[in-house]
Amino acid sequence: MSANEFRPKPPRAQSAPPCAPGCAVPAAGPASCGGAPHVSEPTSYDALLLLGFGGPEGQDDVLPFLRNVTAGRGIPDERLEEVAHHYRHFGGVSPINQHNRELKAALEAEIAARGLGLPVYWGNRNWMPYVDDALRDLHADGHRRVIAIATSAYSSYSSCRQYREDLADAMEATGLAGEVEIDKVRQFFDHPGFVAPFVDGIRDGLAKVRERGIAEEDIEILFSTHSIPNSDADRSGPPERGFGPGGAYVAQHTAVAEAIVAELGTTSPWQLVFQSRSGPPSVPWLEPDINDAIAELPAAGRKAVLIVPLGFVSDHMEVLWDLDTEAMETAEEHGLFAVRTASPSTHPAYVAGLVDLVEERLNGTPADERPAVTPLGPWYDVCRPGCCENKRLGFQPALAGVAP
């Protein structure tokens, strides 16, 4: 990357686009703008927008990327460099952009096979191409009605609402309010297409461990996801659902893990654990940390650990470093045989499931006809008012949901 190639991500939107008379959702299509939780009216779209987190693609990219990630927090470069070693270890390259290129190609192939005729555009939150780049491109190509997929399955500020804020930021940065409509598919944590790759991975992982003569009851399954501040977790999901501590974020992960264990019929014990914590120690984040959980397993009689990246759609840096490096080292230190299962990535069931979510909106599939493997879903097409507030920032302008 040269200096003249880089540009920072677009600034935060100062306001959401104005809603049309009688509508409650900014920049939404006609079927969604009224704010109904589920849209049962067929909707025409002419483009698909894939929303990614973004990541550096070389050593020179690492600090500019981290500045984007932490924008507005006033963190000096010296501190950013302290956390950059994960990326430096892998040559400054995060795998996430290549994974999204591969996912984009897989989606294009699945869409073509179904004859849906939707071109796929890709934009990131924290690295080029940004969401506003994708919005400019699709608009220049003549597209006006967009359905978006965020590469995150669960409900929280960072995994849902912040992507909706990215859309508002991009809309303001491009000046395309009133010209482009954007809806977003529902959170897909319990869609069978997302869950199936984990079922396959755990089944294969358990078989590998049993091949070493370890009984199933001596294997601990650790379902791992990104830790977030307790305050953000508690605010995840619609307030009226009353999820309590951990909010929808913990409830969704727990429900999916329970569904997977039930489908497999395994007798292995399991628990939900967290990883990739950041921020000051004075701020409580979700626990237990995966390394702390692993350290306690020998005392409980475990001989092996199966690590499942339940909170991740592909092998992000957090998977390569926090799981494949740190967690594996912790397991070895405590005499445990360890296997890490695959993330969905471009698993055929996952790719087909994402396109199924698009077809739900194209066809106006009623909520009671949509697949969901937990009692919590199917989740909402239009995010509910007051969901997934960021305690530090409050509610910022966002699309694809009813304003709080």
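In the predicted model, helix α7 (residues 192-210) packs against helix α12 (residues 348-363) at an angle of about 170 degrees, and the two axes lie 7 Å apart. Here axes are lines fitted to C-alpha atoms, for helices over the stretch in contact, and angles run from 0 to 180 degrees between N-to-C directions; helices (H or I, at least four residues) and strands (E, at least two) are DSSP runs, numbered from the N terminus. The angle therefore makes α7 roughly antiparallel to α12, on a scale where angles under 35 degrees count as roughly parallel, over 145 as roughly antiparallel, 65 to 115 as roughly perpendicular and the rest as oblique. On the side of α7 the contact (heavy atoms within 4.5 Å) is made by Gly 193, Phe 194, Ala 196 and Pro 197, and on the side of α12 by Ala 349, Tyr 350 and Gly 353. These residues divide into five nonpolar, two polar and no charged, where Ala, Val, Leu, Ile, Met, Phe, Trp, Tyr, Cys and Pro count as nonpolar, Asp, Glu, Lys and Arg as charged, and the others, Gly among them, as polar.

Because the model is predicted, local features need pLDDT of at least 70 and side-chain atom pairs count only at pLDDT 80 or more, whereas totals for chains, interfaces and linings use all residues. Residues are numbered from 1 along each chain as its sequence is written, and side-chain values use heavy atoms, with hydrogens and water left out.

An open sheet is formed by four strands in the order β2-β1-β3-β4, with parallel pairing; two strands are said to pair if DSSP finds at least two bridges between them. The edges are taken by β2 (120-124) and β4 (181-184), each of which has a single partner strand, so one side of each is left without a neighbour in the sheet. From one strand to the next, the twist averages 30 degrees. Strand β1 (residues 47-52) runs parallel to β2 and is joined to β2 by five bridges, and Leu 49 has Tyr 121 in β2 as its bridge partner. Two helices lie across this sheet. Helix α4 (residues 96-114) lies across β1 and β2 and runs at about 160 degrees to β2, while helix α5 (residues 131-140) lies across β1, β2, β3 (145-150) and β4, running at about 155 degrees to β2.

Helix α1 (residues 62-69) is mostly covered, since six of its eight residues are buried, a term that means under 20% relative accessible area, with exposed over 50% and partly exposed in between (1.4 Å probe, protein chains only). The buried residues of α1 are Val 62, Leu 63, Pro 64, Phe 65, Leu 66 and Asn 68, and what covers them includes α2 (77-83) and α3 (85-89).

Strand β5 (residues 219-226) runs parallel to β7 and is joined to β7 by five bridges, with Ile 221 standing opposite Leu 306. Strand β8 (residues 337-340) also pairs with β7 in the parallel sense, over four bridges, and Val 305 stands opposite Ala 338 in β8. Gly 301 is placed in the loop between α10 (290-296) and β7 and, at 36% relative accessibility, counts as partly exposed. The C-alpha atoms of Gly 301 and Glu 217 are separated by 9.4 Å, although these residues are 84 residues apart along the chain.

The structure holds one disulfide, defined as a pair of cysteine sulfur atoms within 2.5 Å, and this disulfide joins Cys 23 to Cys 33 with an S to S distance of 2.5 Å. Both cysteines lie in the segment before β1, so the pair ties together parts that are 10 residues apart in sequence. Cys 23 is partly exposed, with a relative accessible area of 24%, whereas Cys 33 is buried, at 12%. Cys 160 is in no disulfide, and the nearest cysteine sulfur, that of Cys 383, is 3.8 Å away, which is too far for a bond. Cys 160 counts as buried at 3% relative accessibility, and Cys 383 counts as buried at 7%.
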